[in-house]
Amino acid sequence: MMRYSDIKREAGFVFGHRQIKLTLLVVFLLSSMSLWSGYSEMQEQQATIERLLDKDETERNAVLTHQSNYGMVAYYAFHLTYAPPSPLAFAAVGERDVFPWKHRIRMLALEGQIYESDTDNPELAFLGRFDFAFVTSVLLPLFIILLLYDLKAKEREARRFDLLNVTARNSHAIWSSRVLVTLVPLALVTLIPFIAFSVVNGASVFQTVTVCTIVIGSIIVWSAIVLAIGAAKRFANFSATHLASIMLGVWLVTTVIVPVTGHTIINASVDTPEGGDIVLTQREAVNSAWDKPVEQTWDAFIETHPQWADKTDFDPQRDSSFNWKWYYAFQQVGDQTAKELSEAYQAATLRKDKIASYVALLSPSLLTQRLLTSAADTDVKAMVNYENNVREFHASLRKFYYHHLFEAPEFSSASFKQLPQFSPKIRKTQENTNED
């Protein structure tokens, strides 16, 4: 059993080495820099959203001022949709670097508007950008190896190992104390900057504790791996340098080779439509409608909107050869044509993410990164949820305009007080922690 005197003695021994102090300083600086980088990025994204929200309302009011029918307003009015950064997004940027987090959409066919800024498949990043998640999942294990690789081997090389074990009241207490006084400061210099940024960014206590738990868990896992290699009888006679090489090999395999290989296999095994194919399919359906009989468009439209079946007539004297109802009907049909591809794209994206979660069981670093992005609400599921949120909002726009186009009431600016407004959806877990 460890005693205070054991901890005090080992602390003096450990911190008597300049290398330990320098390593802890480097970790503190890396943690702080990564957090500042993520915080700055999220602040910029939030400022962009606020700036676009102001312009969005101004531009839409201008459209209402200059137009006098619902079809023209629907055509020219843009609506900003966005996924605001969560209070923890600064720590794990995650898929916000891969998936679009804002769109300006109109009443036109939606699929092209969603995928025109994302014509390539979003890929599962295996290392990621320089943020706190990267530091704790990829770099921190290297520092654990640096601090613990010669825990016993160095004493063996100096021929002090047997003497320490014989003279100590409890030989296990020596090594346990030394590990403790090494890892606790390492955890502190990693997490203290994070806690400070969490307070500044308004993260809840629960969210902050969750991330701290994930990071401490990662430190424990990697420490166990390093200590297990150092304690293995097979490596008992290996030098500290040889042990370090083995540990670095384990880090390389689990942190780089496994994620990269898994990423390659996942992309090769899961058939995913290209975002560009979805855009092309939708636009071809829309553009070809101009050359098709009007009845063909109405038939496809009425299949999904039977409530307007008796409102599809033209008034040649009023509408001539163009009709806004028909125009937005074939925009709808364009989305219906691309629906199968779009659903397959989203299903494939979620399936890739699901398989990646199993690959992460073989990689402590990838698992840590996935847990952090999940806690920060920046994972694949969060971005897919935003995409579905955009679809729900666009559907509400269509419901509003279809009523005014098919029922044909007299144009009134006052009616736009009922125009749907986009509101980003927050995960229930985040709502609950914010209430706390």
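Which residues does Asp131 touch, not counting residues up to four places away in sequence? In this predicted model, the list is Ser34, Ala91, Ala92, Val93 and Gly94. One of these, Val93, also meets Asp131 in another way. The side chain of Asp131 reaches the backbone nitrogen of Val93 at 2.9 Å.

Where does Asp131 sit? It lies in the loop between helix 4 and helix 5. Helix 4 covers residues 110-115, and helix 5 covers 132-148. Is Asp131 buried or exposed? Its relative accessible area is 4%. Buried means under 20%, so Asp131 counts as buried.

Now step back to the whole protein. It has 436 residues, and 48% of them are buried. The fold contains 17 helices and two strands. Take the contacts between residues at least 6 apart in sequence: 83% of them join residues at least 24 apart. The accessible surface comes to about 22,100 Å². Carbon and sulfur atoms hold 58% of that surface.

Next, look at the surface itself. A nonpolar patch there has about 930 Å² of accessible area together. Its members are Leu22, Leu25, Val26, Phe28, Leu29, Met33, Phe130, Leu180, Val184, Leu188 and Ile192. Which helix gives the largest share of the patch? Helix 2 does, with six residues. Met33 lies in this helix, which spans residues 18-66. Helix 8, at 171-201, also supplies at least two residues of the patch.

Two sites are now in view.

Methods. Residues are numbered from 1 along each chain as its sequence is written. This is a predicted model: local features need pLDDT of at least 70, side-chain atom pairs count only at pLDDT 80 or more; totals for chains, interfaces and linings use all residues. Side-chain values use heavy atoms; hydrogens and water are left out. Helices (H or I, at least four residues) and strands (E, at least two) are DSSP runs, numbered from the N terminus. Buried means under 20% relative accessible area, exposed over 50%, partly exposed in between (1.4 Å probe, protein chains only). A polar contact is a pair of N or O atoms within 3.5 Å; within protein, one must be able to donate a hydrogen and the other to accept it, and residues adjacent in sequence count only if both atoms are side-chain atoms. Contact means heavy atoms within 4.5 Å. Patches are made of residues with over 30% relative accessible area and no salt bridge: like charges are joined within 9 Å, nonpolar side chains (Val, Leu, Ile, Met, Phe, Trp, Tyr) within 5 Å. Accessible areas come from the Shrake-Rupley method with a 1.4 Å probe; for residues, only the protein chains shown count as cover. A salt bridge is a side-chain nitrogen of Lys or Arg within 4 Å of a carboxyl oxygen of Asp or Glu.
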